[in-house]
Amino acid sequence: EMSEMSEKSKQNVAHGLAWSYYVGYLKIVLPRVKKSMEEFSRANPNVLACRETWKLHILIPLSCDVCDDLEKADSNIQYLTDLTEIILTRAGTKKRAYKHSLYAIRDEDNKLWHCAVEYATPLQSLYAMSQDECSAFSREDRLEQTKLFYRSLEEILKGSKECAGTYQLIVYEESGEAETHFLSRKILWHLRQQHHECTMYEGNHPHAPSMTLNSTELNLQISESDLPQPLRSGCF
């Protein structure tokens, strides 16, 4: 009965997507990100000077508004190149390729900041569900599930030793007003914090406090009743 109630209220959707995203993708690629960054940095020493930025920056818009082309989403975001592909045999597919794109982010002073950045792809599934009548998944459901997805993914990654220091979650709520460079400013905020940490480490302050965004800075509160419940077994 509890499982049926959970399924009807869609409490397992985001939690399952977060685990699938982690096990089927992030756990595979994140431990290899720093090596790819290091290889690129050796060939281009002036581009990725700050090691604190050698991580995958994952965009999580609460609206699930995922743009396939970041350059079209914000003209201050420019594609630079792809990092070295990760080639693995997975689930019957020989030589499956995983790769990340490196971007140059232009700030208000025309300075370029570089990082690997991409959207959390499960958000596309949440958005598609809210557009499909068969799912009976409303926009309100989508917002709550996106919040739960972020919190679930954050907790999963915090407990993953192999992924430590290889990612930066960038969760944000779009402004109601049209802002041409809203996305680039969000990414720049995190890059500046990472550069600040670089400076602190170089200044012999190894225990400098982190200034990254956390879930308490956004309205991501979810009631206890919204927490994921066990999935029903025995039927598909």
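Helix α4 (residues 122-131) and helix α5 (residues 139-158) pack with their axes 10 Å apart and at an angle of about 165°, helices here being DSSP runs of H or I with at least four residues, numbered from the N terminus. That makes α4 roughly antiparallel to α5, a term for angles over 145 degrees, while those under 35 count as roughly parallel, 65 to 115 as roughly perpendicular and the rest as oblique. This is a predicted model, in which local features need pLDDT of at least 70 and side-chain atom pairs count only at pLDDT 80 or more, whereas totals for chains, interfaces and linings use all residues. Residues are numbered from 1 along each chain as its sequence is written, and side-chain values use heavy atoms, with hydrogens and water left out.

**Helix α4 against helix α5**
- The crossing of α4 and α5 is right-handed, meaning that the near helix is turned clockwise from the far one by less than a right angle.
- From α4, Pro122, Leu123, Leu126, Tyr127, Ser130 and Gln131 meet Arg142, Gln145, Thr146 and Phe149 of α5, where contact means heavy atoms within 4.5 Å.
- By class, this contact of α4 with α5 has five nonpolar, four polar and one charged residues, with Ala, Val, Leu, Ile, Met, Phe, Trp, Tyr, Cys and Pro counted as nonpolar, Asp, Glu, Lys and Arg as charged, and the others, Gly among them, as polar.

**Helix α2 on its own**
- Helix α2 (residues 12-43) has 32 residues, which at 1.5 Å a residue should span 46 Å, and this agrees with the 45 Å between its end C-alpha atoms; the expected span is 1.5 Å times one less than the number of residues.
- A kink of about 50° in α2 is centred on Leu26, the bend being the angle between axes fitted to the seven residues ending there and the seven starting there.

**Helix α2 against its partners**
- The axes of α2 and α4 lie 10 Å apart at an angle of about 150°, and the two helices are therefore roughly antiparallel to each other.
- Val13, Leu17 and Tyr21 in α2 meet Pro122, Leu126 and Met129 in α4, and the residues of this contact divide into six nonpolar, no polar and no charged.
- The axes of α2 and α5 come within 9 Å and cross at roughly 40°, which makes α2 oblique to α5.

Technical notes. Axes fitted to C-alpha atoms, helices over the stretch in contact; angles between N-to-C directions.
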